[in-house]
Structures are given as structure tokens and as C-alpha cells.
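Here are my notes on this one, written to be read with the model open. Have a look at the chain before going through the points.

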Amino acid sequence: MNDKYFVFPENKQREVLSLPSSSPTLSKVGGKALSLIKTSELHFPVPPGFVLTVSFFQPWLEQIQQTDAWKAFVSRTASEDPESSVTKEDCDAIKEQCKKILKLDGDQRSHIEDAVRATFGHDTADLGI
């Protein structure tokens, strides 16, 4: 069973492919995705597309949590010292780390290719991705 993405196909079929027997939780897919999944389950029109789950991004979260920028951010959020509050610079440092180290790995690329194929019936190369 796939736990990396949920698909809303391009054709008139309104079923969500790769959906487990029960709806995913908010913590697994986020609010917008959960709304789309529930709307699709009720057979309302949902534009074709796919939703990447939190587990898809888990390797990235683990990488970022190992950086000094993340550790400084967490330290500041846990501090009760008002002079030690989180700043825009703290957030910018994490963004810069994300730009440097986060790349799709082979499994993530494969999941995206599968989701695109299941959604649109094309390979990612056909779509210029």
C-alpha cells in the first residue's frame, strides 16, 4: 500500500487511487489535502492532481533537524528569555540550509513519477519534468 501520495485522476473517475481503507489523518496529509480527499470520496468534482504525504518529506525533515540552523531555532523557541526569541534571520538560515541540502532522492523521484503517471497517464519526461 502506498503511503507517499494520493491521486485524483484526470479522467471522470472520482475515486482516490492508492487510498487506504480509511481516510488519512490531518497529521499525515495536511488540511487542504484531507479536504480534497474527503471531497473526492463524496464524489464531488476534484481537479486532477496528487498530494504528497508527510512521510514523503520525512527524509528531508530528518536532514534539516541535524543542521546547526535548526538546532539554534529549536533552542530559541524553547527559551523563556525574551531576548532569545526566534528572528527572521533564524528562519532565513533554515531556508538557506533547505536550498543547499534538500534534493529528491531516488525513492522520492520514483513516487512522483508514479503519481504523475497515475494522475495524468503520462511519464514525467512527457510533461517536461
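1. Ground rules. This is a predicted model, in which local features need pLDDT of at least 70 and side-chain atom pairs count only at pLDDT 80 or more, while totals for chains, interfaces and linings use all residues. Residues are numbered from 1 along each chain as its sequence is written, and side-chain values use heavy atoms, with hydrogens and water left out.

2. Overall layout. The chain has six helices and two strands, where helices (H or I, at least four residues) and strands (E, at least two) are DSSP runs numbered from the N terminus. Reading from the N terminus, the order is β-α-α-β-α-α-α-α. Of its 129 residues, 27% count as buried; buried here is under 20% relative accessible area, exposed is over 50% and partly exposed is in between, with a 1.4 Å probe and protein chains only. As for contacts (heavy atoms within 4.5 Å), take those with a separation of 6 or more: 62% of them come from residues 24 or more positions apart.

3. H3 against H6. Helix H3 (residues 54–65) packs on helix H6 (residues 106–120) at about 155°, and the axes are 11 Å apart. That angle makes H3 roughly antiparallel to H6. On the conventions: axes are lines fitted to C-alpha atoms, for helices over the stretch in contact, and angles run from 0 to 180 degrees between N-to-C directions. Under 35 degrees counts as roughly parallel, over 145 as roughly antiparallel, 65 to 115 as roughly perpendicular, and the rest as oblique.

4. Who meets whom there. H3 passes H6 in a left-handed crossing, meaning that the near helix is turned anticlockwise from the far one by less than a right angle (clockwise would be right-handed). From H3, Phe-56, Pro-59 and Trp-60 meet Gln-108, His-111 and Ile-112 of H6. The residues of this contact split into four nonpolar, two polar and no charged.

5. H4 against H5. Helix H4 (residues 68–78) and H5 pack at about 150°, with axes 9 Å apart. H4 therefore comes out roughly antiparallel to H5, and their crossing is left-handed. Ala-69, Trp-70, Phe-73 and Arg-76 from H4 meet Asp-90, Cys-91, Ala-93, Ile-94 and Gln-97 from H5. Here the tally is six nonpolar, one polar and two charged.

6. Asp-90: buried or exposed? Asp-90 sits in helix H5 and is buried, at a relative accessible area of 11%. A polar atom of its side chain lies 2.9 Å from the backbone nitrogen of Thr-87. Setting aside neighbours within four places in sequence, Asp-90 is in contact with Phe-73, Arg-76 and Ser-85.

7. Lys-103. This residue is in the loop between helix H5 (88–101) and H6, and its relative accessibility of 53% makes it exposed. Not counting residues up to four places away in sequence, Lys-103 touches Trp-60 and Gln-108. Lys-103 and Trp-60 are 43 residues apart along the chain, with 8.3 Å between their C-alpha atoms.

8. His-43. One for the backbone check: His-43 is not a glycine, yet it has a positive phi of about 65°. His-43 is placed in the loop between helix H2 (31–41) and strand E2 (49–52), and is exposed with a relative accessible area of 57%.

9. Ala-125. Ala-125 is in the segment after H6 and counts as exposed at 63% relative accessibility. Its C-alpha is 9.0 Å from that of Glu-113, which is 12 residues apart from it in sequence.

How values were computed: Ala, Val, Leu, Ile, Met, Phe, Trp, Tyr, Cys and Pro count as nonpolar, Asp, Glu, Lys and Arg as charged, and the others, Gly among them, as polar. A polar contact is a pair of N or O atoms within 3.5 Å; within protein, one must be able to donate a hydrogen and the other to accept it, and residues adjacent in sequence count only if both atoms are side-chain atoms.
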